Amino acid sequence: MNDADDVYSGPVPDPSAMRKQYRAEGLAEAELAATPVEQFARWFREAAVEAHLFEPNAMVVSTADAEGRPSSRTVLLKQFDEQGFVFYTNYDSRKARDLAENPYVSLLFPWHPMARQVIVRGVARRTGRDETAAYFRTRPHGSQLGAWASGQSSVISTRADLDASYTELSARYPEGEQVPVPPHWGGFRVAPQSVEFWQGRENRLHDRLQYRAQADGSWRVERLSP
Ligand SMILES: Cc1cc2nc3c(=O)[nH]c(=O)nc-3n(C[C@H](O)[C@H](O)[C@H](O)COP(=O)(O)O)c2cc1C
């Protein structure tokens with residue numbers, strides 16, 4: 001064993017012994033907002049402002065290709081309203097290729113410190129170019145260049161190639177100069193078909209209230225067994 005190994009020594013915790021009791025207060029039908037987006041806004045505010053969670057807008061986006069093979073990754077939510085939940089990404093990435101073949105998607109917000117999770121299932125569509133451009137302009141200069149430098153999800157030979165591509169771009173577009181919106185970059189808006197609000201409770205008797213979209217545009221709330 002050399003010195004470098006010592007840094008990693010010590011017992012590995014046993015995940016089967018990790019057990020938390022969740023909170024007593026639950027989520028009741030009577031207190032739910034009229035729409036899942038309003039209910040999401042309440043919980044999102046609590047996550048960000050009251051619980052001070054780190055990146056409460058980080059969500060796990062799951063897609064599946066045309067053969068139904070799933071894949072998941074974390075992405076940042078950038079906007080939400082009655083039209084849906086918006087994130088930005090590379091249109092040549094694996095997730096975007098999946099969505100081109102199969103627009104059904106799941107978004108999961110893992111708010112573990114609050115014993116909460118929200119799961120949105122719905123259909124993703126690309127945002128319009130004007131909307132994408134308006135958001136791109138709000139990004140820091142470095143992130144704008146990064147969107148050009150990265151062929152997201154493609155195999156690259158070395159880290160140095162990526163850094164060289166960034167350096168070349170920063171010479172072409174110095175700080176203060178407008179960076180054009182990459183044609184391969186943009187948003188997806190997920191229009192929800194169902195949204196589940198999960199609140200952990202004692203003895204694993206959790207509350208799960210799910211809004212499901214009805215044909216007439218209204219929402220029906222169902223309680224799911226934990
Ligand atoms: C906290 C966090 C936030 C991320 N936010 C984004 C994002 O907003 N957009 C994005 O394209 N990738 C984001 N990523 C990277 C993705 O997880 C993923 O690596 C990338 O989008 C490529 O995924 P794909 O190959 O499955 O398409 C984020 C990763 C983490 C850990």
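1. Tyr135 counts as partly exposed because 17 C-beta neighbours lie inside 10 Å. On this scale a residue is buried if 20 or more other C-beta atoms lie within 10 Å of its own, exposed if 12 or fewer, and partly exposed in between, with C-beta atoms placed from the backbone. Tyr135 sits in helix α4 (residues 129-138); helices (H or I, at least four residues) and strands (E, at least two) are DSSP runs, numbered from the N terminus. Leaving aside residues up to four places away in sequence, Tyr135 touches Lys78, Tyr88 and Gly187, contact being C-beta atoms, placed from the backbone, within 7 Å.

2. This is a predicted model, in which local features need pLDDT of at least 70, side-chain atom pairs count only at pLDDT 80 or more, and totals for chains, interfaces and linings use all residues. Residues are numbered from 1 along each chain as its sequence is written.

3. Tyr135 and Lys78 are also among the residues under the UniProt annotation "binding site" (unreviewed entry), as are Gln21 and Arg139. The annotated residues are spread over 188 residues of sequence and, in space, up to 43.4 Å between C-alpha atoms. UniProt positions follow the numbering used here, feature names are shortened, and annotations may be inferred rather than shown by experiment. Gln21 lies in the loop between α1 (3-6) and α2 (36-50); Gln21 counts as exposed because it has 11 C-beta neighbours inside 10 Å.

4. The ligand is surrounded by 16 residues, the closest being Arg73, Thr89, Ser93, Lys95 and Ser153. Two or more shell residues come from each of β2 (70-76), β4 (84-90) and α3 (94-101), and β2 gives the most, with five. The shell divides into five nonpolar, seven polar and four charged residues. Here Ala, Val, Leu, Ile, Met, Phe, Trp, Tyr, Cys and Pro count as nonpolar, Asp, Glu, Lys and Arg as charged, and the others, Gly among them, as polar.

5. Strand β1 (residues 58-64) runs antiparallel to β5, joined by three bridges; strands pair if DSSP finds at least two bridges between them. Ser62 stands opposite Ser106.

6. β5 also runs antiparallel to strand β6 (residues 116-126), with eight bridges, and Val105 stands opposite Gly122. β5 and β6 form a hairpin with four residues between them, and Ala115 in the turn has a positive phi of about 50 degrees.

Definitions and conventions
A residue is near a molecule or strand if its C-beta atom, placed from the backbone, lies within 6 Å of it. Two residues are in contact if their C-beta atoms, placed from the backbone, lie within 7 Å.
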